[in-house]
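Subject: Structure handover

Hello,

Here is the structure for you to work through. Please open it next to this email and follow along.

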Amino acid sequence: MKSKRALLITLLILVAMVLPSAAVFSQDETVELRMAWWGSQTRHDKTIAVIELYETLNPNVDIVYEPSGWDDHWTKLATQAAGGDLPDIIQHDYQRIREWVANDLLLPLDEFIESGVIDTTNIADASLAGGIVDGKLYGFNLGNNSETFVIDVDALEAAGVELPPVDWTWADFEEMALKLAASGVYAAGGNLHFSEHWKGLYISCCDSYAYNAEGNGLGYTEEEDQYFVDYLNMLLRLQDAGAIPTLEETTANANTSVEDSYIVTGQAAIEYGWSNMIVAIWTAAGEDRNFIEWTVPRVVDGLPRNYIKPSMFFAISKDSDKAEEAAKFIDFFTNSIEANEILFAERGVPVSSAVREALSSQLGPAQQEMFDFLGVVEGYNSPIRPPDPAAHADINSNVYLPQVVEPILYGMMSPEEGVKILRDEAELLLSQ
Amino acid sequence: MMNTENHSAQTIPYRESSQPRVPWLQRKWMRTILYHGFVALTAIAMIYPILWLFGSSLKGSDEIWTNQAALIPDDIKFDNYSNGWKGFGSITFTTFYKNSFIYAGVGTLLTVSASAVVAYGFARVKFTGRQFWFGVMLLTLMLPIQVQIIPQYIMFNKLDWINTFYPLLLPRLGGQAFFIFMIVQFIRGIPNELDEAALIDGCGKIGIFFRIILPQLKPAIITAAIFSFYWTWEDFLTPLLYLNSPDLYTVSLALRTYSDPSGQTDWGAIFAMSSLSLVPVFVIFVVFQRYLVEGIATTGLKG
Amino acid sequence: MGDAIIKFPTRQPKKSRFGRNNIVGYLFISPWLIAFILFGLIPMVVSFGLAFTNYHILRGWDFIGLDNFHRMFYEDRRYWNSVRATVKYVIIAVPLRLVFALAVAMLLNTKRRGVAFYRAAFYAPSVVGGSIAVAVMWREIFAREGLVNYLIGQFGQESIWWLGHPDYAIWTLILLAAWQFGSPMLIFLAGLKQIPGQLYESASIDGANGIQKFFRITFPLLTPVVFFNLVMQLIAGFMTFTQAFIITNGSGRPLDTTLFYALYLYKRGFETYEMGYASAMAWVMLVVVALLTAIVFATSARWVYYESQEGK
């Protein structure tokens, strides 16, 4: 009896040992990739359709996808990073990628480009430059974007205001805003206090940036603080004149969606945002409306502020043991015309010129406007600014908004005072 | 004031001395009308936002923001429901509902039964270390989950439990501190005489629990079941962290994946699916609350 | 730690049953104890340890002693903003919720026709919870053209940007909490159900009126449940997170007036990845909440009435 049981147990153990390895052998053909991104339903549907297309073309690949909203995406990724369990393909962001690279979580993609796994023959170097950190490419650009003022053409007409020149300045904007206010619409929807304006201002005035190239200090001098003071004073004047919503009003309306934004509801003639936003705005507003994308105003006698920026990246996690398969998918996502006919520039203007060409005949008015606008910005040949330093998230959410911009625009602090706090606190965080 | 009046009017026989002096208030039908008038009005105010949510779920995409304040849409459309139900990819809400029912159903069953057992131990058995362990249990309620996420994730990852229901369900085998504490309070409201009578009849602690305490705990257990189901149903954080593939997503998690502030959002579908996701929770409440009506006081006590 | 907090009014255990009581006691609490040791203990201990490190989720950690606490108390302005917002919220929202819950529970503790419907109606707000639809709905109610401004307009008040005004924004969250009083209400209701009807009958015979009955019967017999709700709402009040997270998108705006403690802690942990600092914040809160709970427990002997201690 006893020996029989012992035999049985031995057999069981043997089977147990063989089974998993057998399973591995039989699955040898199938590669499982994990991929995570953030977005709304439109993006989920399109991305999943492309994944399914890829799976039909490559039956040996199985892509497990993890779609989320923006907040959840980052909460989950941080947790997975701590647990050493990151997905193979990660949708990444321009403001965060530097920090992830600095902490050795992402894989450089250069080898896949050299080996031709990712085909970049149709992609301009400038389009890839945004994903380069410390000389290596970590983030693969999924679409080109630029800051823009989306203008409601009909609202301007109704107010009897001419379209501004492309090289307009904040002074021109202020003048126009007052005229629009007189006709009963706000000039802007309320995004003019964003830190993008602080950062962009120093491109225009000083051919610099809010941060220096090394990311360990501010990129402008103490005398140049005045430019930001002037900008904040302008916002205060426009707020008082009722030409832009007060920060109180903006805060009360914040986080509502594109569908509820002032340019869609007709309460504002202009909305600041990223160029790919026009598609959502136009869809929400209806086809009978007319929108145009315009450059963001410059400082008087300043340089153009617009430059081409990657809307978002795909990155491959450092721990991925199927990096090459992941790279193949990125190549497909970028270069396949069939895939991009599904994606349809939802993540910004495609970086591949071949894809752009193939799509050009099918564009609706909104996409057409976005493509045209990026053509204009490309003409400036402005250099891309380096990805934000790791401290940016901290500076933006713990200093810039609550300690500087909010008190100023609520009238509790002078711009001079606030800008000094910004300098001191930001320098402190950047130096750490 | 008024509450107690109405309350007493229902639970005790009439007695002149306990009635207000105002003559018209002495009429029973007058008081009934007052009660219903007041409560119904308040109730409508309470559910107004939910009616609005439901109304919005029937609005077409053009109407949702333009006719925002309206409770009843100009043009009733059910498209949002069929569109929303599609989910994303090839995974529909059928899958999300199935997962939610597993999580909330099994989770509630485990939580409530374990909590009742543990609560009895804390409330009626005097063992060494009782106060210490009860204190520890309360402390677990005071540490924000946000700082426990990472160590917990690493632990479950080491166990290779990611993308399974284990991290969601197994911790429930021990009950949950909130319910344990709640049931303890209810048990302590039950007179000791009953235990002692049972003791004389030869019952042990275990026998007392099942024969005396458990039947008396019905209101508490039903309350715990209602909450536990609802809290599990709406929990998105645990599923977010531990369930990777969308075919394991729960309803609450799926609802969160739809909106992105800068992108296009199908609000009609979100409203429709949000309204729909309230239904199971609500049904559970309506079914269970019937047992709350016939509470302990009317069922009588058996020694 | 637990001994300091919990004071059960204990009877002396009978010596002969002592050993058996231990076995039976641990047997009954074993499900919780085992689950706690397996799943709860490690994360708690780790987070305590991390409070003394500069743990950055992506970067790793170094031991830094008490630096986190120094930074919290002396250098971090937003920390104190979050303390202010949370204390204000707890002081207002917790009593409000409890009073609403008790009043409505008493109102609904009747056998009138239609009471099942009323219960459902009063519980309904609590099941909409923290979904994104609630955020939109609540913003709509407090919008410029929303219901609340319409109502105050009837009294000649000017419209307010509720969610943007530093004095009023927190009230939208307090009202949301008050509106969702379903859980303490149900617990009160279950407690009321447990009070034997005979007590009221005999009180009536003695000629007690409604108010007297409330203070002599209802409230004393309900105190275990009142006590439970008070403790739990207090703890939940300090940890409040979801409402602020969905309605202000976790920004704490305007001017940090809605920056609740747990929200700020979350932002430090997951937005800037400073999990060591977040852990330190969490443990400071745990100590404060534990002390407050201990105070409530200490007073409980004076006002909480346990039926099970009667007649001994």
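**The three-stranded sheet**

In chain A, 3 strands form an open sheet in the order β9-β8-β10, and their pairing is antiparallel. Strands here are DSSP runs of E with at least two residues, helices are runs of H or I with at least four residues, and both are numbered from the N terminus. Two strands pair if DSSP finds at least two bridges between them. β9 (270-274) and β10 (291-294) of chain A are at the edges. Each has a single partner strand, so one side of each has no neighbour in the sheet. On average, neighbouring strands of this sheet are turned by 30° against each other, direction ignored. Axes are lines fitted to C-alpha atoms, for helices over the stretch in contact, and angles run from 0 to 180 degrees between N-to-C directions.

Strand β8 (residues 147-152) of chain A pairs with β9(A) over 5 bridges, in the antiparallel sense. Take A:Val150 as an example: its bridge partner in β9(A) is A:Glu271.

**How to read the model**

This is a predicted model: local features need pLDDT of at least 70, side-chain atom pairs count only at pLDDT 80 or more, and totals for chains, interfaces and linings use all residues. Residues are numbered from 1 along each chain as its sequence is written, chains are lettered from A and ligands numbered from 1 in the order in which they are written, and side-chain values use heavy atoms, with hydrogens and water left out.

**The five-stranded sheet**

Chain A also has an open sheet of 5 strands. The order is β2-β1-β3-β12-β6, with mixed pairing. Which strands stand at the edges? They are β2 (61-68) and β6 (140-141) of chain A, and each pairs on one side only. Strand β1 (residues 31-38) and strand β3 (residues 89-92) of chain A run parallel, joined by 2 bridges. A:Ala36 has A:Ile90 as its bridge partner in β3(A).

**Two domains in chain A**

The domain assignment gives chain A domain 1 (32-143 + 310-376) and domain 2 (147-308 + 384-431). Such bounds come from an automatic or database domain assignment. The centres of the two domains, taken over C-alpha atoms, are 28 Å apart. In chain A, 21 residues of domain 1 are in contact with 28 residues of domain 2. Contact means heavy atoms within 4.5 Å.

A:Asn276 sits in the loop between β9 and α13 (277-285) of chain A. Is A:Asn276 buried or exposed? A:Asn276 is buried, at 17% relative accessible area. Buried means under 20%, exposed over 50%, and partly exposed in between (1.4 Å probe, protein chains only). Leaving out residues up to four places away in sequence, A:Asn276 touches A:Asn145, A:Glu346, A:Arg347, A:Gly348 and A:Met370.

**Aromatic rings**

How many aromatic pairs are there over all chains? The search of the whole structure finds 93. One of them joins A:Phe329 and A:Phe333: the ring centres are 5.7 Å apart and the planes are at 45°, so the pair is tilted. Rings of Phe, Tyr and Trp (its six-membered ring) pair if their centres lie within 6.5 Å; planes under 30 degrees apart count as stacked, over 60 as edge-to-face and the rest as tilted.

Both residues lie in helix α14 (residues 323-335) of chain A. They are 4 residues apart, about one turn of the helix. A:Phe329 is buried at 0% relative accessibility, and A:Phe333 is buried at 4%. In chain B, B:Phe122 and B:Phe127 also form a tilted pair, 6.3 Å centre to centre with 40° between the planes. B:Phe122 is buried at 0%, and B:Phe127 is buried at 5%.

A:Arg96 lies over the face of A:Trp74, 4.8 Å from the ring centre. A:Lys309 lies over the face of A:Trp274, 4.3 Å from the ring centre. The test is NZ of Lys or CZ of Arg within 6 Å of the ring centre and within 35 degrees of the ring normal.

Best wishes
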